[in-house]
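Please look at the sequence and the 3D structure below before reading on.

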Amino acid sequence: MENTTRQKTIGVMAAEHIAAGLVENNHLTGALHIFPERGKRSDDLAEVPADQLAELMVRQIESARQEQDIAAIGVGFPGIIRNGVIQESPNLIQTKGQNLEQSLTELLNQRGIIAPVRIFNDADAMAAGVAAAKGHLDKLIRVWWLGNGTGFGRYPQSEGIWEGGHLVVSLDPKERFCGCGGVGHL
């Protein structure tokens, strides 16, 4: 007999804010849970200690979960990520060296949420989301991610650093620089 139960997952993106949503069949179902709330200062996350940032992510995951059984949790996070560890994150520098995958797994387990957690570069996560939502999991997908700077993501994920650079895209000479302190090259 075929299993017709659809697995539910949680997708999280963290950069200027933390956004978490329940995903079923590669599409968001229900509300998107965001911290800080819309209209609040988005640079607040840069001031939050790494362990508290993980706690804030868990709260958004709990809200998005809606008491449902979850098969997996995927987190997009800015910077260079290896095996769940933040190697470098120019936008959230306090997380450098943090094993975010382990921290989130432990915090979630303490709350009875037992599901594998995986951390990916935010642009790579966006590329995977586009591939899944468009039914192109069998193709190479590349995206440019415009946030605090410009990132490049690809699906399927491959070993390497695919960031396009940390440059600010703006015509305003007063625009702030990338969180890494660089101005990039145009």
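Which strands does helix H1 lie across? Helix H1 (residues 50-65) lies across S1, strand S2 (18-24), S3 and S4. The model is predicted, so local features need pLDDT of at least 70 and side-chain atom pairs count only at pLDDT 80 or more, while totals for chains, interfaces and linings use all residues. Residues are numbered from 1 along each chain as its sequence is written, and side-chain values use heavy atoms, with hydrogens and water left out. Helices (H or I, at least four residues) and strands (E, at least two) are DSSP runs, numbered from the N terminus.

**The sheet**

- Five strands form an open sheet with mixed pairing, in the order S3-S2-S1-S4-S7; two strands pair if DSSP finds at least two bridges between them.
- Strand S3 (27-35) and S7 are the edge strands, each pairing on one side only.
- Direction ignored, neighbouring strands of this sheet are turned by 20° against each other on average.
- S4 and S7 run parallel and are joined by five bridges.
- Ile73 stands opposite Val117 in S7.

**Helices across the sheet**

- H1 runs at about 35° to S2.
- H3 lies across S1, S3, S4 and S7, and runs at about 105° to S7.
- These angles run from 0 to 180 degrees between N-to-C directions, and the axes are lines fitted to C-alpha atoms, for helices over the stretch in contact (heavy atoms within 4.5 Å).

**Helix H3**

- The twelve residues of H3 (residues 122-133) should span 16 Å at 1.5 Å a residue, and the end C-alpha atoms are 16 Å apart, which agrees; the expected span is 1.5 Å times one less than the number of residues.
- Asp122, Ala123, Asp124, Ala127, Ala131 and Ala132 of H3 are buried (under 20% relative accessible area, with exposed over 50% and partly exposed in between; 1.4 Å probe, protein chains only).
- The strands that these buried residues pack against include strand S8 (141-146) and strand S9 (150-155).
- Asn121 caps the N-terminal end of H3, with a side-chain oxygen 2.8 Å from the backbone nitrogen of Ala123.

**Thr95 in its loop**

- Thr95 is in the loop between strand S6 (85-88) and helix H2 (100-110).
- Thr95 counts as buried because its relative accessibility is 0%.
- The Thr95 side chain reaches the backbone oxygen of Leu92 at 2.7 Å.
- Leaving aside neighbours within four places in sequence, Thr95 is in contact with Ala50, Leu53, Phe77, Ile86 and Ser89.

Conventions: Polar contact = N/O pair within 3.5 Å; in protein donor to acceptor, adjacent residues only side chain to side chain.
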